[in-house]
Amino acid sequence: MRKGSAFQSSNTLVMASAAFQDHITRSVLDPNFSGSDHSLWCSRTAPRKPQARRKVGEKALQRQDEQEEREYVLDSAPYSLTLAQKMGLVASPARRLTEDEWTQIKTRSVLQEESAQPCAVCREEFLLQPQVLLSCSHVFHRTCLQAFERFSGRKCCPMCRREQYETRVIYDAAHLFRHRCATRIQACWRGYVARKWYRHMRKIICPKDKQLRRKFFEAKLQELNDSFIRYCHTDTEAFLRDIDRSLSSSRRVFQQLERKSISEPQEKDWDQIQSQVIQRGVHDCPICLTALCSINPLSEASISNHQRRPTMLLSCSHLFHQFCLEAFEAFAADSRPLCPLCRSVYHKKAI
């Protein structure tokens with residue numbers, strides 16, 4: 001019995017030593033071998049050939065985008081258990097997370113708004129760059145996490161220092177960035193449409209404010225002027241010079257006609273002009289604004305001689321003091337002055 005038990009114990013010891021030797025050998029020869037160390041960054045999606053991409057239509061391109069944005073676990077599949085792990089001499093690797101557990105981890109990350117914040121390693125926005133989710137619900141740039149692992153020499157979360165985590169590629173930050181870009185584009189477009197509609201309404205609808213109404217009509221008149229000048233003549237300066245020349249010639253013709261047509265009124269004409277003045281009831285001189293002596297014979301008798309000032313009656317039926325009219329004629333620069341009120345050539349008569 002003792003020999004059998006000794007033989008059995010020796011066999012067990014031999015099996016244990018062989019199991020340890022196999023486990024150590026595999027660990028030394030393959031540094032990536034560790035049931036709990038998943039450091040291989042590989043994608044499970046096979047790359048597409050360029051020829052196949054050219055032949056695919058719009059539906060195939062959409063499917064390709066969906067496949068490219070499909071979430072997947074980056075860590076390699078676990079190695080088969082060694083003899084030592086099967087015998088319980090060495091701790092077995094941790095169990096891989098299921099799809100439901102990844103869903104819970106992602107939900108917790110969304111509630112914490114991890115994708116909406118900058119990367120904790122480089123402190124930059126995610127934008128459209130590759131993004132990874134750890135099993136501790138923290139999110140980083142894929143390149144930042146790789147650089148951190150190479151720099152630290154071990155695999156631990158940069159935030160919570162949790163070791164032996166699993167990584168999963170996600171696209172939450174890319175979706176948020178596209179949504180912000182689409183919102184900004186829509187806001188710019190709607191603002192442009194609203195401003196264009198407002199400018200159009202300001203051109204066709206007259207405002208109620210007085211100043212705005214004045215500017216509105218000034219702009220309309222300017223538009224009509226510009227269109228008239230543009231369609232009437234190609235050379236604007238020559239066109240304006242022609243207008244000035246025609247106006248000056250018209251003025252000279254009218255002045256000559258006015259001077260020739262006016263002749264000195266007869267006595268009968270002066271009586272008619274005087275009757276017009278009496279009907280209007282003019283009492284003050286328009287130049288000095290003082291009282292005139294009445295030309296009515298009834299009222300003229302009641303005015304004393306020292307209050308009477310010489311009065312001049314013009315052929316245009318306007319009355320002035322003689323001294324006021326002479327002063328005005330002396331002040332005027334024209335050789336033949338015009339009436340101070342109606343600006344017409346006149347003949348005068350003292351009354």
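Mentor: Let us start with a definition: a patch is made of residues with over 30% relative accessible area and no salt bridge, and like charges are joined within 9 Å. Lys and Arg count as positive. Please keep in mind that this is a predicted model.

Trainee: Which residues form the positive surface patch?

Mentor: The patch is formed by Arg-195, Lys-196, Arg-199, Lys-203 and Lys-220. Helix 7, residues 172-204, supplies the largest share of the patch, four residues.

Trainee: Why is Lys-203 called exposed?

Mentor: Lys-203, which is found in helix 7, has a relative accessibility of 53%. Exposed means over 50%, so Lys-203 counts as exposed.

Trainee: Why is Leu-127 called partly exposed?

Mentor: The relative accessible area of Leu-127 is 35%. Buried means under 20% and exposed over 50%, with partly exposed in between; therefore Leu-127 is partly exposed.

Trainee: Where is Leu-289 placed, and what is its phi?

Mentor: Leu-289 lies in the loop between helix 10 (267-280) and helix 11 (297-300). Leu-289 is not a glycine, yet has a positive phi of about 60 degrees.

Trainee: Why does Leu-289 count as exposed?

Mentor: Its relative accessibility is 65%. The cut-off for exposed is over 50%, so Leu-289 counts as exposed.

Technical notes. Residues are numbered from 1 along each chain as its sequence is written. This is a predicted model: local features need pLDDT of at least 70, side-chain atom pairs count only at pLDDT 80 or more; totals for chains, interfaces and linings use all residues. Side-chain values use heavy atoms; hydrogens and water are left out. Patches are made of residues with over 30% relative accessible area and no salt bridge: like charges are joined within 9 Å, nonpolar side chains (Val, Leu, Ile, Met, Phe, Trp, Tyr) within 5 Å. Accessible areas come from the Shrake-Rupley method with a 1.4 Å probe; for residues, only the protein chains shown count as cover. A salt bridge is a side-chain nitrogen of Lys or Arg within 4 Å of a carboxyl oxygen of Asp or Glu. The place of a charge is taken as NZ of Lys, CZ of Arg, CG of Asp or CD of Glu. Helices (H or I, at least four residues) and strands (E, at least two) are DSSP runs, numbered from the N terminus. Buried means under 20% relative accessible area, exposed over 50%, partly exposed in between (1.4 Å probe, protein chains only).
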